[in-house]
Structures are given as C-alpha cells and as structure tokens.
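Here are my notes for a first look at this one. Have the viewer open as you read, and take the points in any order you like.

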Amino acid sequence: MLSCRDDFPILQRLVHGKPLVYLDSAATTQKPRCVVAALCRFYEQQCGSVHRATHALSAEATQLYEQARGRCAAFVGAACADEIVFVRGATEGMNLLAHGLAPRLQAGDEVVVSVMEHHSGFLPWQRVCAQRGARLRVAPMCDAGVLDLQALRGLIGPRTRVVSLVHVSHVLGTVNPVQQIGVWAHEQGAIMVVDGAQAASRLPVDVQQLGCDAYLFSGHKMYGPMGIGVLYARQQLLQTLSAYQLGGGMVHTVGQQQSQWLPSPLCFEAGTPNVADAVALSAAIDYVDALDRQAIAQHDQQLLQQLRQALAEVPNVQLLGSGEHAMGVVSFAMQGVHPHDVACLLDQRGVAVRAGHLCAQPLMQRLGLPAVTRASVGCYNTYDDVAALVEGLHAVRKVFAC
C-alpha cells in the first residue's frame with residue numbers, strides 16, 4: 001500500500017466535526033503540496049504572458065509553459081510535444097475533436113460510442129451527428145458491466161468515421177480493451193478516440209502502444225489543478241482539424257478579409273492560455289511518476305478488492321458491475337434508500353461519496369436505476385477509509401430500518 005496521505009493537507013481537516021474520509025476521487029482528486037506550491041510559485045515569481053512579449057517574465061513563462069507541454073507528451077508517450085494541446089479539461093478536448101472532425105462526416109456516416117460514456121464523451125458526437133446527418137451508434141454493455149465486444153465489433157463498419165470510447169468507466173470502473181478496439185476501428189479507416197479522464201492517474205498510458213489517434217485527460221482527476229486538461233492527437237490528425245476558437249495567440253497574420261493561423265498545437269489555444277495550471281499539472285505528473293503508476297495501480301486494485309468485499313457484506317446493498325477488469329470505482333444501490341440520502345448521511349459522518357446519475361444517464365437507463373451512490377479511491381486512501389464507509393452504511397440502514 002502507498003503511504004502518501006501526509007502529502008495532502010486537506011485530508012487533515014474535519015468535516016462536520018469528523019475526520020475527512022474522501023472517497024470521491026473519480027469526480028476530482030485532492031492536490032498534493034507540490035502542486036499547490038507550483039501554482040503559488042508561478043503567480044508569486046514567474047507570472048507573464050506567453051508567446052507575446054520579449055521581457056524576462058514572458059520568456060520565463062513561455063519556457064515553463066512549453067516545458068509543461070513536453071512533460072505531458074512524455075507522460076502519455078506522444079511522439080513529440082507538438083501532439084499536445086492544452087484545453088480546459090477532457091470535456092473541452094472532446095468538443096474540440098468533434099468540432100474539428102465534423103466536416104469529415106456526411107449523411108449516412110457513423111460515429112460509434114458506448115453506453116458507458118460520460119456525457120462529455122457522448123453529447124458532442126450526438127450533436128455533430130445530428131448536424132451532419134450522420135448516425136450515432138451506441139455499443140451495448142453486458143450485465144456484468146463490461147462492453148459487449150461482439151456487438152461493438154459488429155457496429156464498426158465501412159461507414160464508421162470515428163470510434164470514441166472511455167478507457168476506464170467513471171461509474172463501474174471497467175477498463176475497456178481500447179487497444180483491440182482501436183485495431184477494429186483502423187481496419188475500417190476510422191479514427192480512434194479514447195477518453196482517459198479516469199485512466200491517466202491509475203494506469204500507465206502509452207498512446208503509441210494503445211494505437212489511438214487521440215487521447216484526452218483532465219488535470220483535476222490526476223492530482224493536478226482544475227481548469228486544465230490535455231488533448232493528445234497524432235500530428236497528422238491535428239494538422240487536418242479546423243481551429244476550435246479564434247482570437248489572439250493562434251494567428252500568424254490577420255487581414256481585413258483573410259487570415260492565416262499558426263500551426264498546431266498553437267492554433268487550438270486561442271487567447272491567454274492557462275499557464276499557471278499547465279505548470280502545476282506538470283508538477284502533478286512529476287508527483288504521479290514519483291509514486292510510480294504501476295504502484296498506484298496495485299494500490300488501487302488492493303483497495304478496490306477490499307471495498308467490493310466489504311460492501312458485498314452490507315445487507316440490501318447491490319453492487320453494480322462484476323468488478324472484473326475494473327479500477328478504483330465502485331457504484332452501488334441501497335434498497336429502499338435514495339442515493340442522495342445515502343450520500344447526505346455519510347457526509348454527516350465525514351465520508352465524502354458521489355450520488356446521482358453521475359453524468360451517465362444512458363448507462364443509468366441500461367442499469368434500470370435513476371441514480372446510484374459511488375465510492376472512488378485515490379492514492380491517499382487506506383483500508384481505514386473503507387471501514388469508515390462500511391460503518392457509515394450500517395448507520396444509514398439503521399436510520400431507514402432497512
């Protein structure tokens with residue numbers, strides 16, 4: 001088990017007079033001191049506008065910003081730093097891709113997603129398909145909580161232009177075989193997009209090995225700051241996409257009637273970029289790499305196993321998914337108790353979990369549930385946190401006599 005809890009100051013605070021037990025890392029992870037320090041250091045000593053001025057602060061900020069781009073490229077195994085676009089998060093990255101790929105779609109073309117996508121991996125493609133007369137095809141899920149791979153492969157055909165899938169489900173924790181699915185997509189000449197928001201902090205990610213054309217993740221889900229994320233895309237793909245936003249910083253020349261953009265990735269980063277958070281994201285990557293992603297994955301698996309075993313022994317609790325091929329997320333339903341009530345009563349005991357449809361309404365419809373409760377772990381969680389959750393659920397049962 002990892003021993004890094006002391007690196008996270010927020011975990012020392014009390015909530016409702018109780019020690020904080022944070023089990024909502026799938027929503028956002030807490031931040032280690034080194035990330036907070038990097039953010040403060042930039043604003044206190046290094047703040048300047050990038051790519052625009054010749055003074056020392058601007059030059060230093062530009063260097064830090066581009067170093068952060070290179071750090072992100074190395075983190076996911078990109079061929080070069082120019083394959084990294086800084087975005088506000090995976091949501092903006094997916095919208096950027098959908099916008100840029102829209103001109104490729106014609107009436108009758110198809111985009112394949114899955115029923116377990118986050119709304120941010122579902123809605124951009126839904127809208128683009130509606131606008132272009134294309135068809136959105138949704139791959140089904142088996143009762144065990146894993147993709148129906150036979151059905152998915154059958155959906156990928158000669159009219160498929162994009163396959164966009166989540167790497168790790170934010171509801172079930174399912175780790176999807178995106179490398180194999182990418183082979184099927186490429187056999188049909190389709191582009192393979194992977195939403196790595198839940199995977200980047202939990203698994204070693206090598207986009208070259210995965211063979212995907214694009215990969216996205218958010219900084220705040222991997223111990224970095226909010227408001228920054230990464231879109232990796234192969235250079236050949238980026239060079240064919242239309243600019244997502246227009247403005248300062250992304251132009252080469254501007255005329256009254258016609259203008260020219262800078263080459264990628266800068267043409268996708270209009271306006272003053274989020275330099276401070278890019279620098280802090282680089283610090284988060286250093287932190288994750290220092291812990292070792294293999295060690296994080298092992299820690300995650302140990303906690304997940306303990307969590308599922310403990311929850312299975314709580315009466316009237318239904319675990320969702322089989323737990324096979326899964327990472328640090330467990331969703332469940334308690335018979336006779338609304339998930340919001342479960343979460344509120346747990347919060348009174350200092351235990352933070354997520355409740356609701358989890359931005360996954362198509363998946364909720366598949367599960368036949370309006371909402372669920374989700375516990376998700378991070379590198380800082382311990383077996384004691386699991387015990388606190390289980391103790392809290394028994395308290396919930398007493399309140400509702402179930």
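The points below go through the sheet, a helix beside it, a hairpin, the aromatic rings, the cysteines and a few backbone details.

1. A word before anything else: this is a predicted model. Please read the numbers that follow with that in mind.

2. Start with the open sheet, where seven strands run in the order β4-β10-β9-β8-β7-β5-β6 with mixed pairing. The edges belong to β4 (84–87) and β6 (135–139); each has a single partner strand, so one side of each has no neighbour in the sheet. From one strand to the next, the twist averages 20 degrees.

3. Within that sheet, have a look at β9 (residues 214–218) and β10 (residues 229–233), an antiparallel pair joined by five bridges.

4. Is S164 buried or exposed? This serine sits in strand β7, and S164 is buried, with a relative accessible area of 0%. The side chain of S164 makes a polar contact of 3.1 Å with that of W125. Leaving aside neighbours within four places in sequence, S164 has contacts that include M94, S114, E117, G121 and V193.

5. There's also a hairpin to find: β11 and β12, with four residues between them. Strand β11 (residues 251–254) and strand β12 (residues 259–261) pair antiparallel over three bridges, and V251 stands opposite W261 in β12.

6. Now the rings. The count of aromatic pairs is eight. In one of them, the ring centres of F8 and Y380 are 4.8 Å apart and the planes are at 75 degrees, so this pair is edge-to-face. F8 lies in the segment before β1 (14–15) and Y380 in the loop between β17 (372–376) and α13 (383–400), so the pair ties together parts 372 residues apart in sequence. Both partners are buried, F8 with a relative accessible area of 0% and Y380 with 1%. Ring pairs also link F8, Y22, Y223, Y287 and Y380 into a cluster.

7. Searching the whole structure turns up zero disulfides.

8. A few backbone details are worth a click. S264 and P265 are joined by a cis peptide bond, with omega about 10 degrees, and P265 is in the loop between β12 and α9 (275–291).

9. Two residues other than glycine to check for positive phi are H325, near 50 degrees, and C359, near 55 degrees. H325 lies in the loop between β13 (317–319) and β14 (329–334) and is exposed, at 59% relative accessibility. C359 is in the loop between β16 (354–356) and α12 (361–367) and is partly exposed, with a relative accessible area of 24%.

Technical notes:
Residues numbered from 1 in each chain as written. Predicted model: local features only at pLDDT ≥ 70, side-chain atom pairs only at ≥ 80, totals over all residues. Heavy atoms only, no water. Disulfide = S-S within 2.5 Å. Pairing = 2+ DSSP bridges. Helix = DSSP H or I, 4+ residues; strand = E, 2+ residues; numbered from the N terminus. Axes fitted to C-alpha atoms, helices over the stretch in contact; angles between N-to-C directions. Buried < 20%, exposed > 50% of the residue type's maximum accessible area, 1.4 Å probe, protein only. Polar contact = N/O pair within 3.5 Å; in protein donor to acceptor, adjacent residues only side chain to side chain. Contact = heavy atoms within 4.5 Å. Phe/Tyr/Trp six-rings, centres within 6.5 Å; stacked < 30°, edge-to-face > 60°.
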